[in-house]
Amino acid sequence: MSTLKNIKLAHTEYNDIVPSTKAAIKFRPFRVSEEKMLLIASESKDTQQMSNAMKSIINNCAGVECDTLPFYDVEYLFTKIRSKSVGENVNITYPCEKCDQENELAIELDKVYVSKNTNESNEIKIDDDLVFVLVEPTIGMMALHNPDEVEIENIINMLANGISQVQNGEEIIDVTPKDVPDIKALIEQLTSEQFKKLSDYYENIPKTSLDYEFTCSKCSTINKSTLTGMQNFF
């Protein structure tokens with residue numbers, strides 16, 4: 001005799017690729033139980049809880065482990081799953097670049113893409129002796145962001161966790177998590193110009209992006225730009 005526990009619902013599967021690896025994947029929309037987890041995480045405003053929710057959704061729906069993936073992969077996959085789960089269009093308001101009038105526009109999440117990496121190298125030369133080797137930020141690194149901390153401290157913390165190796169003259173030092181406090185202290189010795197070399201690396205890495213265009217309802221100016229940071233649609 002069949003019981004309610006034996007009822008299994010079929011879900012449509014979709015095909016996509018992981019941007020950084022080009023690996024083909026299949027994914028399904030998230031379920032009500034998973035959406036509830038997202039809502040609880042979103043209401044908590046806790047960065048770690050939201051990161052864990054995103055990782056769980058991607059693992060459950062696409063079978064992809066996120067811990068070592070670049071954060072733009074995680075944003076891309078999460079946005080794709082979300083678009084097939086609760087709707088491909090999201091209404092947002094955005095100011096006109098000319099008159100600042102707020103305009104409502106529909107964003108098509110299914111058209112999300114990952115921009116190109118414009119860095120020439122992940123080896124950042126600080127001076128004739130000192131070189132930092134950086135890695136692209138992961139979701140774990142992004143989860144370290146503390147909204148109660150001043151922004152410069154969050155940037156320094158992310159940079160310190162993103163340095164995988166220090167080359168000092170002929171000495172090569174592989175950085176481990178226990179070295180992060182020493183790396184932070186080293187970063188704080190940099191000049192503003194040297195610090196900018198590090199921060200520019202993260203400005204130029206690939207980003208999850210979405211192009212948009214609208215005509216201002218007030219001044220009729222045509223606005224064209226790109227949204228980045230799909231966590232805004234969490």
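**Exercise 1. Locate aspartate 100 and decide whether it is buried or exposed.**

Step 1: Find the place in the chain. Aspartate 100 sits in the loop between β3 (89-95) and β4 (102-108); strands (E, at least two residues) are DSSP runs, as are helices (H or I, at least four), numbered from the N terminus.

Step 2: Know what you are looking at. This is a predicted model, in which local features need pLDDT of at least 70 and side-chain atom pairs count only at pLDDT 80 or more, while totals for chains, interfaces and linings use all residues. Residues are numbered from 1 along each chain as its sequence is written, and side-chain values use heavy atoms, with hydrogens and water left out.

Step 3: Apply the cut-offs. Buried means under 20% relative accessible area, exposed over 50%, and partly exposed in between (1.4 Å probe, protein chains only). Aspartate 100 has 57%, so aspartate 100 is exposed.

Step 4: The C-alpha atoms of aspartate 100 and glutamate 75 are separated by 28 Å, and the two residues are 25 apart along the chain.

**Exercise 2. Describe how β1 and β2 are joined.**

Step 1: Count the bridges. β1 and strand β2 (residues 24-27) run antiparallel and are joined by four bridges; two strands pair if DSSP finds at least two bridges between them.

Step 2: Pick a partner. Opposite aspartate 16 you will find isoleucine 25 in β2.

Step 3: Look at the turn. The two strands form a hairpin with six residues between them, and lysine 22 in the turn has a positive phi of about 65 degrees.

**Exercise 3. Now do the β10 and β11 hairpin.**

Step 1: Strand β10 (residues 208-215) pairs with strand β11 (residues 222-228) in the antiparallel sense, over seven bridges.

Step 2: Leucine 210 has leucine 227 in β11 as its bridge partner.

Step 3: Six residues lie between these strands, and serine 220 takes a positive phi near 70 degrees.

**Exercise 4. In what order do the strands of the four-stranded open sheet run?**

Step 1: The order is β6-β7-β8-β9, with antiparallel pairing.

Step 2: β6 (123-125) and β9 (171-174) are the edge strands, each pairing on one side only.

Step 3: Inside the sheet, β7 (residues 130-134) and β8 (residues 163-168) pair over five bridges, and valine 133 stands opposite glutamine 165 in β8.

Step 4: Keep a general rule in mind as you view the sheet: in a regular strand the side chains alternate between its two faces.

**Exercise 5. Is isoleucine 7 buried or exposed?**

Step 1: Isoleucine 7 lies in the segment before β1 (14-17).

Step 2: Its relative accessibility is 53%, so isoleucine 7 counts as exposed.
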